[in-house]
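I record here what I looked up in this structure, entry by entry.

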Amino acid sequence: ELSLNDGVKWQTDKSTQTHIASFNMKLDAFNGSEKENLAAYQSLATDLTQELNGLIKDCKMQGTEHDALHIWLVPVLEEVSELQKAPTVGQAKDPVRKLSKSLNEFKNYFR
């Protein structure tokens, strides 16, 4: 379970901060656009997957900070995968909602 680092947010490296900011901007832009077609959700899933792949590739974090990031990251990867596989707009909305919640959680636990 994700927790604070002795009451303090976990420190992330610069590349993680950059990828999370980009991930957040893409998700915010999508959420503000009211798209109601499956292709838009699939395009978002592709964009978020690319961002997460970059985050994983570029991450230089180590130790407990790295472990904490992985606790947060695993469910995010699963939600993006669910978004990619969603056969309908209705089924794509839930992963997007959960991803937005996960980004808020990131802000509560990481800096």
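**Helix pair.** Helices here are DSSP runs of H or I with at least four residues, numbered from the N terminus. The model is predicted, with pLDDT of at least 70 required for local features and 80 or more for side-chain atom pairs, while totals for chains, interfaces and linings use all residues. I number residues from 1 along each chain as its sequence is written, and side-chain values use heavy atoms, with hydrogens and water left out.

Two packed helices are described by the angle between their axes and the distance between the axes. For α2 (residues 38-58) and α4 (residues 89-109), I noted axes that come within 10 Å and cross at roughly 35°. The axes are lines fitted to C-alpha atoms, for helices over the stretch in contact, and angles run from 0 to 180 degrees between N-to-C directions.

Which residues meet in this pair? From α2 I listed Leu38, Tyr41, Leu44 and Leu48, and from α4 Val89, Ala92, Lys93, Val96 and Leu99. I sorted the residues of this contact into eight nonpolar, no polar and one charged. Contact means heavy atoms within 4.5 Å.

**Two residues of α2.** I next examined Leu38, in helix α2. Leu38 counts as partly exposed because its relative accessibility is 22%; buried means under 20% relative accessible area, exposed over 50%, and partly exposed in between (1.4 Å probe, protein chains only). Beyond four places in sequence, Leu38 touches Ala86, Pro87, Thr88 and Val89. Leu38 and Thr16 are 22 residues apart in sequence, and I noted 29 Å between their C-alpha atoms.

Setting aside neighbours within four places in sequence, I found Leu44 in contact with Lys26, Leu27, Phe30, Leu83 and Val96. Its C-alpha atom is separated by 32 Å from that of Asn5, 39 residues apart along the chain.

**Nonpolar core.** I then looked up the largest nonpolar core, which has 30 residues; Phe23, Trp72 and Leu83 touch the most other members. Such a core is a set of buried Ala, Val, Leu, Ile, Met, Phe, Trp, Tyr and Cys residues joined through side-chain atoms within 4.5 Å. At least two residues of this core come from each of α1 (14-31), α2, α3 (63-85) and α4.

For Phe23 I listed contacts with Leu48, Glu51, Leu52, Val76, Val80, Leu99 and Leu103, not counting residues up to four places away in sequence.

Leu83 is placed in helix α3, and I recorded Leu83 as buried because its relative accessible area is 1%. Leaving aside neighbours within four places in sequence, Leu83 is in contact with Tyr41, Leu44, Ala45, Leu48, Ala92, Pro95, Val96 and Leu99.

**Before α1.** I checked Thr12, in the segment before α1. With a relative accessible area of 5%, Thr12 is buried. Its side chain reaches the backbone oxygen of Arg111 at 2.5 Å. Thr12 touches Gln17, Met61, Phe106, Phe110 and Arg111, not counting residues up to four places away in sequence.

Asp6 lies in the segment before α1 as well. I recorded Asp6 as exposed, with a relative accessible area of 77%. Asp6 has a positive phi of about 55° although it is not a glycine.

**Asn108.** My last entry concerns Asn108, found in helix α4. I noted that Asn108 touches Leu4 and Lys9, not counting residues up to four places away in sequence. Asn108 and Gln42 are 66 residues apart in sequence and 28 Å apart in space, C-alpha to C-alpha.

Key: Nonpolar A, V, L, I, M, F, W, Y, C, P; charged D, E, K, R; others polar. Polar contact = N/O pair within 3.5 Å; in protein donor to acceptor, adjacent residues only side chain to side chain.
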